[in-house]
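Subject: Structure for your files

Hello,

Please find the structure below. My notes on it follow.

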Amino acid sequence: MQKLKLKHLLAIRWFHWINVPLLFLMIWSGILIYWAYPIYSLGPLHFFPKWFYSLFGIEQRLAEGMALHFFFMWLFVVNGIAYVTYTLASGEWRYLVPRSWSAFRDAWHVALHDLRLRKDLPPQDKYNAAQQITYTAIIVMGAGSVLSGLAIYKPAQLSWLAMLFGGYQGARAVHFLLAAGFVMFFVVHIVQVALAGWNNFRSMVIGYDVVGDHD
Amino acid sequence: MTNRRREIVLSDNEAQHELARRTRRGFLMAGLAAVGGFGAYEWITKAQQVDNAPWPQRKVLDLNGRISHAYLSDSHLMPEYPKSKISPIKVNGDIGVSNDFDPGAWRLQVANGAEDATPLLTLSMADIAALPKIEMTTLFCCIEGWSVVQSWAGARFSDFTKKYFPPGQHLPQYVYMATPDEDYYVGLDMKSVLHPQTLLAYERNGQPLEREHGAPLRLIIPVKYGIKNIKRIGLIRYTDDRPDDYWAEEGYDWFAGL
């Protein structure tokens, strides 16, 4: 017998897939804004090189970037709050949030396993420890993006918030770092989804996963 | 069988059938949602433009401005700094201040009413200097993203307004300011111009304002981006109609508040 098991609840699938274009648009419009004062670099690595701006046609689009950013911020925030509220109310958070400090040790094992340095995997429920830590961290990062964004948006009205981030330019740096973090998350996430295979990907669309082949 | 069942146990054959059915339906829904999302994006970005922004985005910019305006209070202050934190400022924008100009012949026109209202007053620097002089060292934020600490001195716009709009007289909702040639102009809400940090400034870092920084008189309004801090003010007009604004017409937020 085979079992079709509900893995991802309908609401969570919607929140996830709505977030995909919203996060993309927030980062894209953020880059349109960043172009006007592109000061960050990592050693010789400048964010971003000139070819990057011309390749994607990013130059001279500050007004457009701001209008898009301050339009989609509402949807991004509403979707994020709805997701968190729903995971808490439905009890789904129990699968998503690491329950003990041993999650960090388990996540390390998962990482070693995924890098083909270890054969076995620690026992897990719906998500492994590395996923739990990542999916929890990404929510904290989202909240950080909203708060640092508010501090840049209204440094006079919310001067106390800007102060928490080390001032206006501090908030801007945090906001940029978090955006870079989302991009890194995205890359790892896509690789992991590709490696996990079709059955796993499909479950994020239709909700069900096939389990327990041929008992 | 409901869609909400957490587990569906089936024979292999049935399972394949059920899985295929759910996959078809799931991806069809996903496709429809993607098309709907793309359509919404096209509408949001390609709708008719109002002042160089598609109107749905313009509406949201204005809504954001109304929320920020409703929340704004005189106790919301841009942080102030010791003078040791002052750093050099970039000269950004010479619209309305690039032509030949004799600061000695400068006069400030003050009007009340619609666009064609004749100025009620013509003031000189002595009139501004007669108001209490306020000095503050605060953050100047450009809409491009940079910010610098600068020290400014001048008269509070609220003191200026109190003098020419004695209590009891109807105070309009907005202020329009323009350079003498009206090449550059800004629209401001009354709450922001009456904010205690809003100055009609004539000194920068302890020196008379330089020409490229807006001599002889400019607006310093730290609760707004630099684009609203108009240089070389030639006209101040109080009005109940939301005034035009140079950069708002180029697709930027009209409120532009910080």
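Helices (H or I, at least four residues) and strands (E, at least two) are DSSP runs, numbered from the N terminus. The model is predicted: local features need pLDDT of at least 70, side-chain atom pairs count only at pLDDT 80 or more, and totals for chains, interfaces and linings use all residues. Residues are numbered from 1 along each chain as its sequence is written, and chains are lettered from A and ligands numbered from 1 in the order in which they are written.

Backbone, chain A. A cis peptide bond, omega near 0°, runs from F47(A) to F48(A); F48(A) is in the loop between β3 (45–46) and α2 (50–56) of chain A.

Backbone, chain B. N52(B), in the loop between β2 (49–50) and β3 (53–54) of chain B, also has a positive phi, near 65°. N52(B) counts as partly exposed, with 15 C-beta neighbours inside 10 Å. The bond from A215(B) to P216(B) is cis, with omega near 0°, and P216(B) sits in the loop between β11 (207–208) and β12 (218–220) of chain B.

Regards

Note on methods: A residue is buried if 20 or more other C-beta atoms lie within 10 Å of its own, exposed if 12 or fewer, and partly exposed in between; C-beta atoms are placed from the backbone.
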